[in-house]
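This note concerns the charged side-chain pairs of the structure shown below.

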Amino acid sequence: MMHFTGTSSTPQLHQIAPFAGYYSSSSSRRVLQSTKPPWPNSIFQPSKALRDSYCIEQLLIHCANAIESKDSTSTQQILWVLNNIAPSDGDSKQRLTYAFLRALVTRAARYGTCRIISLIPNVYTPIHKFSIMELASFVDLTPWHRFGFTAANAAILEAVERYSVIHIIDLSSTHCMQIPTLIEALANRVKVPTLVKLTIASATNNVPPIFNISYQDLGTKLVNFARSCNIVLEFKVISSTSSDGFLSLIDELKIQQLEHPKQDEALVVNCHMMLHYIPEETLNPQPNFLDSSSESYRTMFLKAVHSLNPTIVLLIDEYADFTSNSLVCRLRSAFNYLWIPYDIIDTYLPQDGTERQWYEADIGWKIENVVVEEGSRRVERAEPTSKWVERMRSARFKEVGFREEAVVEVKSMLNEHAVGWGLKREEEHLLLTWKGHNVVFATAWIPN
C-alpha cells in the first residue's frame, strides 16, 4: 500500500454538466432533450435491444462515420438515440456510452456537422487535482497501477542487488507513487544501498491523474520518507516532455554519465504507463533527435535509453491500441477496452461517491482525447504489447521476464482486491486481467 495516507477534507464535488444548455438552436436542443425523434419515420428507435453492447458500439461507429462524412442529419439522429439510451448516472455501460456521446458531440461541433455553440469545448468539467493522499488512495483502490508497481519493484530489487548506488529514472503517470514501497523494500535488504538517486521528468503533469502540489514539495516528502527508512535519497527534476521523446532528459543523463562515470551505480529506467504518450509513426518527428528523421520519437527514445546502458528497464502499460489514424478504428478499440475501468468502478465505489466522479472524469478525458483530437494534440497512443516487444528488440534489448518470487508477490497483492482480477504469463511478460480480459502488461528488459 502507499505510505502517503491520512485524513483530508472532502474536495469539491466533480460535477458533470448535462447536455442541456450547450446547444444554441431550438432544433439542436430538441435533438438531445426530447423524447420524440426530430425526424419522421426514422429507423433509429430507442429500445432495450439498442442497449446491447454490440448495438451501442455499432451506433457509435455509425455516428463517427456520419461525422467524418459531414452528414449532419445522420449525426444528429444517432446522437439523439445515444442520448436517450445513455444517462450519465446509469449503469457502467450507460455511463461509458455517455462519455463517448459527449466526445462525439465535441468532434461534431469541431467539424461543423451540428449547430453547437462555442461553449461545447467546456462540456467537460475541469479534471480534479489530486492531493498526495487522494492520489495514494486512487492508486491503492485497484490493481490497475499496483500490478505494475509490484512486478517492477520485484524485478528492480533483483537487478540492483549487488549495487551500492542506485539511480532510478521514474517515468510514471502516477507521480512517484511507486517509490515509497520500493524505498521500503530497499531498506529491508541485507545490503542497504548507500545512496538512491531519483530522477523524474517535470512535464508529466499534463495528463490525468493531475497533482495539486509541486514536484519540489513531492521530492521533499520522498526524501524525508527515505530518511525515516535510513535511506539517503537524492531527488532531481529535469524539465522534459514526452512530446519529443524526453530529449532533454536523455541529454542530461548522457552528460551526467560523461562527467561522473560510476562503476558501482545501477541505472534503472522505470516506465509506467508513460511511454504511450511519446509520438509514434503516425506523427512525423523533427530531424533533431539522434540525427535521424526516419524513425518515430518512440523508437528513438528506446534506442537512446539503450545507449545509457541501463541495468534494467521496466515497461508497463495498458493493453490497448489507440494508434490508428482512423477515427472508427480508434473508437472501436477504446470502446472495447475502456468499459473495463467503468465496470471496475461499479465494483469498488458507491454510485454517488465523489471519488467515482473524479475517476470517471479522468477516463472521460482519455475518451475525448482518443475520439476528438488529431495530430500532436492526440496524446493517448497506447499500442499492443506485441508492438512494444518489437520496438524493444529493435532497440537491442533482451526481455528477461519475472522470477517466480515476483509472480507470488503479484498474486498476493491481487488477493487483497475484489474477485475478478487475474494474472497471466505470456512468454516473458505478465498480464493483469479483469474478468478474463487483458488490462495491463508488464515487461522487464536488459541491453542485449
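1. A residue is termed buried when its relative accessible area is under 20%, exposed when over 50%, and partly exposed in between. Lys-424, with a relative accessible area of 31%, is therefore partly exposed. The model under discussion is predicted.

2. Lys-424 pairs with Glu-426 in a salt bridge, with an N to O distance of 3.9 Å.

3. By the stated cut-off, the count of salt bridges is 26.

4. A further salt bridge joins the side chains of Glu-295 and Lys-303, at 2.4 Å from N to O. Glu-295 has 23% relative accessibility and counts as partly exposed. Lys-303 is partly exposed as well, at 32%.

5. Which parts does the pair of Asp-343 and Lys-435 tie together? The closest N and O atoms of this salt bridge are 2.8 Å apart. Asp-343 belongs to helix α11 (residues 327–348), while Lys-435 is in the loop between β10 (429–434) and β11 (437–447), so the pair connects parts 92 residues apart in sequence.

6. The accessibility of these two partners should be noted. Asp-343 is buried, at 14% relative accessibility, whereas Lys-435 is partly exposed, at 48%.

Definitions and conventions:
Residues are numbered from 1 along each chain as its sequence is written. This is a predicted model: local features need pLDDT of at least 70, side-chain atom pairs count only at pLDDT 80 or more; totals for chains, interfaces and linings use all residues. Side-chain values use heavy atoms; hydrogens and water are left out. A salt bridge is a side-chain nitrogen of Lys or Arg within 4 Å of a carboxyl oxygen of Asp or Glu. Buried means under 20% relative accessible area, exposed over 50%, partly exposed in between (1.4 Å probe, protein chains only). Helices (H or I, at least four residues) and strands (E, at least two) are DSSP runs, numbered from the N terminus.
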